[in-house]
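Here's a quick briefing to read alongside the model. Take a look at the fold first, then work through the points below.

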Amino acid sequence: MHEPSLKTDYETQGFVVIRGFLHGSALQTLQAEIERYIQQVVPQLPEADAFYQDRLRPETLKQLNRMQQDATLAAVMTDPHWQGTAEHLLGEAATAQGVEWFNKPPGTEHPTPPHQDNFYFCFTPPKVLTMWLALDDVDEENGCLRYIPGSHQRGIRPHRRTQTLGFSQGISDFSEDDYATEVAIHCQPGDLLIHHGDTIHRADANRSATRHRRSFALVFQGVSCQRDDQAYQRYLQSASTQHREMGVLVS
Ligand SMILES: O=C(O)CCC(=O)C(=O)O
């Protein structure tokens, strides 16, 4: 059962926070499965599925893509707790595209550029959302997410290429006004942030000396989404150019 205001808040603000979405043994089990995946599966993965700040230093692992290749983690995609919440907010049946993990390891200069996810996905109508589950305490010091409320109602802004692996495009005209209106979201492990595909968001680098900033994320798209294939191919092309330029081997 969802709070009556959840859907209204999602529709007006373009993001919502569900405190304690996972807790107790459910959270511990997920954390243990992710740890197993990092220890046992990641060492065998192709470079495009596991990004490091510095590939020679395993402790700088910062992003895992396509984790649904692991059957246990793939099960989250059809878990009614996750999928049901996504469908409630989207107002239609939805499927998960995949499972990802993001970290900002301590001691790495790794901000998340301001962007709108649907600039990457290219869906019309934009019935797509991202669920981002905090796995650590997250605040300004270690690079919490920052949203611009209502920005999902103002269309897609111009993006240009960035030098951030995993976020190949960022908003090119991000301004002082944008910084002034953004909201920084603090989280505890198990808190879930959900944002609309058109909501502008970003995160600073992790400035702490010892704290990780890990999260587990799923993207759900509604059945009514149609992809603009030409725009999507342009995006894929620019992401793979970035990978080549940054020395990531693409299999
Ligand atoms: O974890 C981050 O810093 C960024 C995540 C993000 O942009 C997303 O999941 O859409």
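Two residues are in contact if their C-beta atoms, placed from the backbone, lie within 7 Å. Among contacts in the protein chain between residues at least 6 apart in sequence, 83% link residues at least 24 apart. Keep in mind that this is a predicted model, where local features need pLDDT of at least 70, side-chain atom pairs count only at pLDDT 80 or more, and totals for chains, interfaces and linings use all residues. Residue numbers start from 1 along each chain as its sequence is written.

**The whole chain**
- You'll find seven helices and 15 strands in the protein chain; these are DSSP runs (helices H or I, at least four residues; strands E, at least two), numbered from the N terminus.
- The C-alpha trace of the protein chain spans about 45 × 45 × 35 Å along its principal axes.

- Four strands make an open sheet in the order 5-13-8-11, with antiparallel pairing; two strands pair if DSSP finds at least two bridges between them.
- Strand 5 (112-115) and strand 11 (183-184) are at the edges with a single partner strand each, so one side of each has no neighbour in the sheet.
- Strand 5 and strand 13 pair in the antiparallel sense over two bridges, and Thr112 sits opposite Ala203 in strand 13.

**Around the ligand**
- The residues around the ligand are Phe102, Thr112, Asp117, Thr130, Trp132, His201, Ala203, Ser215 and Ala217; being near means a C-beta atom, placed from the backbone, within 6 Å.
- Strand 7 (128-134), strand 13 (201-203) and strand 14 (215-222) each give two or more residues to this shell.
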